[in-house]
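Biologist: I have the sequence and the model open. Can you take me through them?
Modeller: Go ahead and ask.

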Amino acid sequence: MAEQVVGSERQLVVFNLSGGAYGVDIGTVREIIRMQEITQIPRTPQHVEGVINLRGRVIPVLDLRKRFGLEVTEYTQDTRIVVVDIGGTDIGAIVDEVTEVLRVAVDSIEPPSDVVLGDDSDYVVGVVKLGEHLVILLELARALSEDERALMGQLEPVAAA
Amino acid sequence: MDLAPDVTPEDLEVFLQEADEQLRLLDEDVVRLEREPDAGELLQEIFRAAHTLKGSSGMLGYKEMAELAHHMEHLLDLFRTGALAVTTPAVDALLHSLDAMRVLRDELADPTGRSLDVSAAMAELAQAAGASAEGEPGAKDAGSAPAGAGPAAPIVLGPAARERIADLASGDAQLLAVDVHISADTIWSSVRLFQALQALGDLGEVIASEPSQSAIDSGAPSQLLRAIVSTRSSEDDVRREVGGLDDIAGVEVEPYVPEAVAKDAPDAAGAGQRRTGAGRTQTVRIDVARLDELMNQIGELVIDRTRIVQIGKALEQRYKGDDMVEALGETSAHIVKVVDELQESTRQVRMQPIGTVFSGLPRMVRDLSHKMGKKLDFQVSGSETEIDRTVIERIRDPLIHLLRNAVDHGVELPEERIAAGKPETAVLKLRAYQEQGHIVIVVEDDGRGIDTERVKAAAVKKGLISAEAGARLTEAQAIELIFLPGASTAEKTTEVSGRGVGMDIVRSNVEAINGLVTAETVLGQSTRMTLKLPLTLATLHALLVRAGTTHYAIPLVYVWETTVRNADEIPTIAGREVIRVRDAVVPLTSLSEAFGLSRAEHAAGSVRQVVVVRLGERLLGLSVDAFSESQEIVVKPLGGFLGDVKGIGGVSVLGDGQVVLIVDIPSLVNSIMARGPAEEPVAVA
């Protein structure tokens, strides 16, 4: 995974999801776009919203709230699709809001072990303390690709007419 | 094997590719020769190819191959002079030698240390050459080469070369006369000549040379290469490129001034030279993956093109009469034109004559029919029909299956045919033609046909269908049974079904590329298998429909009928909605439901729009909320992330940016009608 390291700094794209702040390395983010029409794909997991047309390229889009089991709400003016590069494939992740691009010193990133997390949380790779706030550093490639593939294999067969 | 000391990997690569082509050509031509023993031109072509192989393998120092080619050449020469008639054993001997050569070629490509013993093949050739061979076929050499290698004197121009020069001279192409002097102390002057000629070929088109390409190929040494080259490179560039090669003593370059071109008819004499020499330098081999990439990028360009036009129109509305907006309109119109041309050209580049798949098939059919003691006239037509190379790759196996089945099961033994009052020699036809945006390939034999009653009985016995269902089947539906997976295990020995070996594989291969395969038969008379294939896999003719909020594209090849029905006029049979279309009763399901999406509410009195799709003899009605026009769409894969989604074959983006899902009809129909065609209440007529 490409990481943008500037001296001993890292740049994070920080987004908001159900009140929590999460960050991903800017090197993995291709672009951030507004919500747009999504074409639903049948027979895919619930959190796969469908595909969008990104200037002629068709890329899948996932709802991160659904993926992380958070409460599902309506999309707003602030809702964004963060397009990330996962192993050469672009994938869109729907987040509540993109708040900032943050420069943090590498040594201010703490390992995630201090934080209480669910059992499938190996995609949380670190935590940054910013005053009273916590930014949870995610590695979306892990969150989206591996278990995604596992899910694909378990899809139900076609519903009989 | 020991090769010449200074053969470079590049030389080897060139040789391997050429050998591959020559061997394929020879295979085809030798099979043809058996049927047309008197075709002098054909014999000449075979001779020439064998001679080229001898020359190029000799140049590499590949003794085994050169010797074998030499023996072949000897036998061919006997045919040519009329000393020996073309017989089946002689053709067998040639074909076996070609097989041996292919092994030799592969050994060169992938040296395993083990070397094929070619003595058996050579002995067979010698035996075929028989007594008429005066002793060892040794002494005669390249002197018989049709290209005629003379002393390195002035360049002898054939009619084809003269015509080409006249062509080029009237244009603005630059013609150069190049003399390359090979240093006297080189061991391998023939290799240097070859390299020099290659280098010139890389710079432009070599119109003629002395020694000629074939003389160089056969390894004739010379210290001087004279060539006429048409090139865009400057004289200095030519000097530098060729002079940079090893063992070159000097290069002289000057503009070539054509002499008054003699007007003696440049007729058929030159036509045979198509496959040799200069023409090759103008082609480029390219990785298919790169073409795919290019096609994909152009697909995106096409979408952007549409977008630009739309934006331009919006701007025109907003800023009427603005100079820049008008200029934008002109520019975008030009972009549209160029992009369309680009798309068409790229499509053309990917097209290949279907003959590239057909080559090799005559040989296979011949060998198989000989082995089985059947007399067969194999007729191939439409080889020039063009088809996308990605499709070509996918139809070879199905075709081989179909032809094998025809020879194996369709065509009777000569005795049987005579007893049945048919001509002793059966006719097996392979035809290809283009029809309404599709390629149709037909494999047809005049053999015993398929006994549908026995196919039914076998299917019932194997438990593929119930006896009642079997009794209900029409002829056309019964033939469909041979495509069922279970039917393919039909024991060949009992020949219950007559056919059916791997027919399910044929069908799944063909359907995988959005094609159709159908069977027709007349018992005792004929069997015809028809493949209907898309011209290309990159684009697709599809009917666009909407179901719920999702837009789908249904490949047109599967659309049988579109119809509109009143919702309250749709009867139910066994809890299942059906409609009657053209005398058939067709089960109906909504497309959204078929994909497990929300169940649509159908208010009384509302209308249902139905697309009836047909897969073989199976019909299925898919109700949708709207259908629009059919159009050609660019197929994009769904992408590795989403993987294979059952029933979705890919996606496409329309000109207005709308994403559509391409319905994989075979997979959808198979999953819905999993029980097979016989159990469906189809066609009650």
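Biologist: What share of chain B's 685 residues counts as buried?
Modeller: In chain B, 41% of the 685 residues count as buried. A residue is buried if 20 or more other C-beta atoms, placed from the backbone, lie within 10 Å of its own. This is a predicted model: local features need pLDDT of at least 70, side-chain atom pairs count only at pLDDT 80 or more, and totals for chains, interfaces and linings use all residues. Residues are numbered from 1 along each chain as its sequence is written, with chains lettered from A and ligands numbered from 1 in the order in which they are written.

Biologist: And how much of chain A is buried?
Modeller: Buried residues are 34% of the 161 in chain A.

Biologist: Which residues touch the most other members of the largest nonpolar core?
Modeller: A93(A), I554(B), V611(B), V613(B) and I662(B), in a core of 134 residues. Such a core is a set of buried Ala, Val, Leu, Ile, Met, Phe, Trp, Tyr and Cys residues joined through C-beta atoms within 7 Å. Helix 14 of chain B gives the largest share of this core, eight residues.

Biologist: What does helix 14 of chain B pack against?
Modeller: Helix 14 (residues 389–410) of chain B packs with helix 19 (residues 503–512) of chain B at about 155°, axes 9 Å apart. Axes are lines fitted to C-alpha atoms over the stretch in contact, and angles run from 0 to 180 degrees between N-to-C directions. The two helices are therefore roughly antiparallel, the term for angles over 145 degrees.

Biologist: Which residues of helix 19 of chain B make that contact?
Modeller: I505(B), V506(B), N509(B) and V510(B), against R394(B), D397(B), P398(B), H401(B) and L402(B) of helix 14 of chain B. Contact means C-beta atoms, placed from the backbone, within 7 Å.

Biologist: Switching topic, how many residues of chain B are in contact with chain A?
Modeller: 28 residues of chain B are in contact with 23 of chain A. Helix 10 (288–318) and strand 22 (659–663) of chain B are among the elements that each supply at least two residues of that side.

How values were computed
Helices (H or I, at least four residues) and strands (E, at least two) are DSSP runs, numbered from the N terminus. Angles under 35 degrees count as roughly parallel, over 145 as roughly antiparallel, 65 to 115 as roughly perpendicular and the rest as oblique. Two residues are in contact if their C-beta atoms, placed from the backbone, lie within 7 Å. A residue is buried if 20 or more other C-beta atoms lie within 10 Å of its own, exposed if 12 or fewer, and partly exposed in between; C-beta atoms are placed from the backbone.
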